[in-house]
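Please keep the sequence and the structure in view while reading.

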Amino acid sequence: MIGRYVEIGDRIVVLENEYDANLTCISSEEGLIFVDTGRRDNLALKFRKDMEQKFNKETSHLLITHYHFDHYGAMAVFNDVEIIAAQSGYKDFSLALQTYLTKEKRREDVNEWKEEYRKNNIEPDAGRLLHWEYYPRNEIFLPTKQVKDELILGNDSEKIVFKVVGGHSKCTAHVYIPFEAVVHVSDNLATDSNGNDGVFLGHSMFFYRPGISSKTIDILEQISSSPIETTIPGHGPVINKEQTTRITKYLRDFNIIIRSSINEGLSLDELINDSRFTTFYDTKPDYWSTIIQRQYNLISEEIQIKK
Ligand SMILES: [Zn+2]
């Protein structure tokens, strides 16, 4: 089983997508609005067909929450509809499509990554294998529409708001669905049903991911104190208000320790082995030192900027 359909109210279905970004379908008056595609084009196509049949509607839009491959990788499945993403990041993406995201370059990169793993005798995990399978072969292209701040779809009583908020990346957008009290927060949050208090710290940490910024935590705090009842994360299970609040507090407390340690002059090594962190995991993940390292760098930068 690679995905699970989760219904929120009568008109939203989330495909909780293992090792990949979640896919969401919102049934609106105008048609079906999808949010993110994941990387598996075959699965995205199945989800689209299933939803068109379930709601007996055509697809009208695809919203891409940010320009990371795990979120737009299967966009070709939606090449016949309006595709919307943030204006911020559009230029970079456009340039990337002509440079490091050409099919040829992607193919080369994957071969290099595989070679590196082989040389170092590292067994790739399921997420990595998934990326290597789809990254070199999917068709990718520019969205048809860019949004500067926000775009409202649907009529007043049933509006859906695509809002560029930043946090995870400058091009990160949230999708608000007020009539169901739901928000899609993209990669400002990745959840995990097993352990670590419901947070998956790992996702924000791999590849070029920067870590979890103070801005991201501020954004999540705003959501906790708003009328929103249900949060759809970029990755992992859909959560309710109580879980959103608890996770936000966890992340805030986590960053407070790192910030105060940096201010006290603790080194990165001292921080990685700091016993205060044992309250932050049920089972210590093997990528724990990477997590602390990224957070350490990110918060050091935040402190520098403030000075
Ligand atoms: Zn992601």
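The buried residues of helix H1 are Leu43, Ala44, Phe47, Arg48 and Met51. A residue counts as buried if 20 or more other C-beta atoms lie within 10 Å of its own, as exposed if 12 or fewer do, and as partly exposed in between, with C-beta atoms placed from the backbone. An α-helix has 3.6 residues a turn, so residues three or four places apart point the same way. Asn42, Lys49 and Gln53 are exposed on the other side of H1.

The model is predicted: local features need pLDDT of at least 70, side-chain atom pairs count only at pLDDT 80 or more, and totals for chains, interfaces and linings use all residues. Residues are numbered from 1 along each chain as its sequence is written.

Helices (H or I, at least four residues) and strands (E, at least two) are DSSP runs, numbered from the N terminus. H1 comprises the 15 residues 41-55, which at 1.5 Å a residue should span 21 Å, and its end C-alpha atoms are 21 Å apart, which agrees. The expected span is 1.5 Å times one less than the number of residues. Just after H1, asparagine 56 takes a positive phi of about 55 degrees.

Against what do the buried residues of H1 pack? They pack against S1, S2, strand S3 (23-27), S4 and S5, where a contact requires C-beta atoms, placed from the backbone, within 7 Å.

The sheet is open and mixed, with 7 strands in the order S1-S2-S3-S4-S5-S6-S7. Strands S1 (3-8) and S7 (145-147) are its edges, each pairing on one side only. Two strands pair if DSSP finds at least two bridges between them. Two of the pairings are set out below.

| Strands | Sense | Bridges | A bridge pair |
|---|---|---|---|
| S1 and S2 (residues 12-17) | antiparallel | 6 bridges | arginine 4 and glutamate 16 |
| S4 (residues 32-35) and S5 (residues 59-63) | parallel | 4 bridges | leucine 32 and threonine 59 |

S1 and S2 also form a hairpin with 3 residues between them, and glycine 9 in the turn has a positive phi of about 65 degrees.

Finally, the domain assignment gives domain 1 (3-100 + 138-188) and domain 2 (250-306), with bounds that come from an automatic or database domain assignment. Their centres, taken over C-alpha atoms, are separated by 32 Å.

Terms used
Two residues are in contact if their C-beta atoms, placed from the backbone, lie within 7 Å.
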